[in-house]
Amino acid sequence: MRIKIISGIILLLWMQYSAIAQNKVENIIVVTTDGLRWQELFTGMDTALANNPLYNQHQKDYIYKTYWHADEKERRKKLLPFIWSSFVASGQLYGSRAYQNFVNTANPYWFSYPGYNEMFAGFVDSAINTNSYPDNPNLNVLEFLNSQPGYRGKVAAFGSWEAYDRILRKKTAGYPVIAAFDNIDWKDATYAEKLINQMKQNSYKAEEEFGCMDVFTHFQAMEYLKTRKPKVLYVAYLETDEWAHSKMYRSYLDAAHHVDQWLKQLWDFVQSQPAYRNKTALVITTDHGRGDTNKAEWTSHGSKIVGADQIWFGVMAPGIPAKGEVTTPVQLYQKQIAQTIASLLGKKFTANHPVAPVIVLVNEK
Ligand SMILES: [Zn+2]
C-alpha cells in the first residue's frame with residue numbers, strides 16, 4: 001500500500017515536470033502581499049470590521065459602496081477582480097478553509113522574516129525568530145535560480161520593506177534586490193527609474209526607512225520587467241500589513257485592491273510580449289495570516305494570535321490545469337513554495353539544508 005502511494009506520488013511529480021517542460025515555462029513572477037488574510041481573499045470585506053468606527057476610518061459608506069455585495073462570490077470579486085476572474089479562470093488558488101483546503105506556515109512564529117525565509121529557503125529555520133534578524137544564512141530559491149544556466153543575471157527582487165535586503169541577503173545575492181528606500185543605482189538607469197528614485201525619497205515615510213509605499217515598488221518592478229526582461233521577478237508588497245497594524249480597514253482593503261490591479265498590469269504586460277506570452281508562471285502568496293476568531297485581533301499576528309499561521313497560495317502557468325478555487329481537502333505548507341517555484345521552471349532546488357517537497361499541481365488521471 002505504502003509503495004503504491006509512493007509510486008503514485010512519483011508518477012504525479014513526473015507528470016508535473018513533464019507537463020511543465022512540454023509547455024516551456026521559462027519565466028516566473030512571484031508576488032507577495034504581506035499579511036493579507038485568507039478571510040478577505042475568499043470571502044471579501046468583513047462587515048464586522050467595516051461597521052466598527054475603530055477600524056473604518058469613518059468611511060463606512062465608501063467601504064460598502066466600493067466592496068460590498070450580499071453574495072460572497074461577488075463580494076470577493078469586488079475586492080479582487082483580477083484574482084477572481086482571470087487568475088482563477090486559468091490558475092489554482094489554495095487556502096479555502098471552508099473546503100478544508102488548508103495552507104499554513106510550518107514555522108511557529110507567524111510573522112514576516114520567518115515566513116519569507118520558509119517560503120524561499122523551503123524550510124523552517126527556528127533560529128530566525130525576529131524581524132531584526134541579520135543577513136539570512138540560508139540559500140533561497142531565487143539565488144539558486146540565479147546560479148542556474150540561462151538564469152544568471154536574469155533575477156531581480158523589488159520589495160517595499162527594508163528587511164528584504166537581509167531576508168534575501170542583498171550583499172551577496174548576486175542579483176538586484178531593491179528594498180524600501182534603496183535607490184536604483186545602476187549606471188544605465190532609465191529616466192523612469194531615476195524619477196521613481198526621486199519620488200520615493202521625497203515620499204511619505206511612516207517610520208524612518210522601514211517601508212516605502214507599494215506604488216513605488218510596483219512601478220520599479222514594472223519598469224525593470226519592461227526594460228530588462230528578467231526571467232525571475234519577485235515583487236513584494238507591504239501595505240496590506242501596514243494598514244492592518246494601523247487598524248485602518250478601509251486602507252487595508254484599498255491596498256489589497258491595488259495589489260489585484262497591479263497583478264493585472266503585470267499579467268497584461270506578460271501576455272502582450274512574445275518573450276513572456278504563454279511561457280510565464282505567476283505565483284501569489286503571503287507571509288502570514290492575522291487574527292479573526294477574536295475580531296479585534298485582525299490587526300495583529302504572531303504565535304499568540306489564533307489563526308495567524310493560516311495563509312493562501314496561488315499559481316497560474318502554462319501546463320498547469322485550471323482548477324480555480326481548489327475545493328479538495330489538503331494540507332499544504334509555506335515551505336513547499338520554494339521547490340514549487342523551482343519546479344515550475346523545470347528545476348530542482350537543492351541546498352545544504354532540507355527543502356520541502358513541491359505542491360502537486362497536475363491532475364490525477
Ligand atoms: Zn505585520
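Which residues in helix H6 (residues 83-90) are buried? Ile 83, Trp 84, Phe 87 and Val 88 are, where buried means that 20 or more other C-beta atoms, placed from the backbone, lie within 10 Å of a residue's own, and exposed means 12 or fewer, with partly exposed in between.

Before going on, a word on the model. It is a predicted model, in which local features need pLDDT of at least 70, side-chain atom pairs count only at pLDDT 80 or more, and totals for chains, interfaces and linings use all residues. Residues are numbered from 1 along each chain as its sequence is written.

Back to H6. An α-helix has 3.6 residues a turn, so residues three or four places apart point the same way. On the face turned away from the buried side of H6 sit the exposed residues Ser 85 and Ala 89.

| Element | Residues |
|---|---|
| Helix H5 | 72-79 |
| Strand S2 | 92-94 |
| Helix H14 | 249-272 |
| Strand S9 | 313-316 |
| Strand S10 | 324-325 |

Now for the whole chain. It has 15 helices and eleven strands, which are DSSP runs numbered from the N terminus (helices are H or I, at least four residues; strands are E, at least two). The radius of gyration of the protein chain is 20 Å, close to the 21 Å that the globule rule gives for 365 residues, so the chain is as compact as a globular protein of that length. That radius is taken over C-alpha atoms, and the rule is 2.2 Å times the number of residues to the power 0.38. Buried residues make up 50% of the 365 residues.

Three strands form an open sheet in the order S8-S3-S11, with mixed pairing; strands pair if DSSP finds at least two bridges between them. Strands S8 (310-311) and S11 (330-333) stand at the edges, each with a single partner strand, so one side of each is left without a neighbour in the sheet. Strand S3 (residues 101-104) runs parallel to S11, and four bridges join them. Phe 102 stands opposite Gln 331 in S11.

Note on methods: Contact = placed C-beta atoms within 7 Å.
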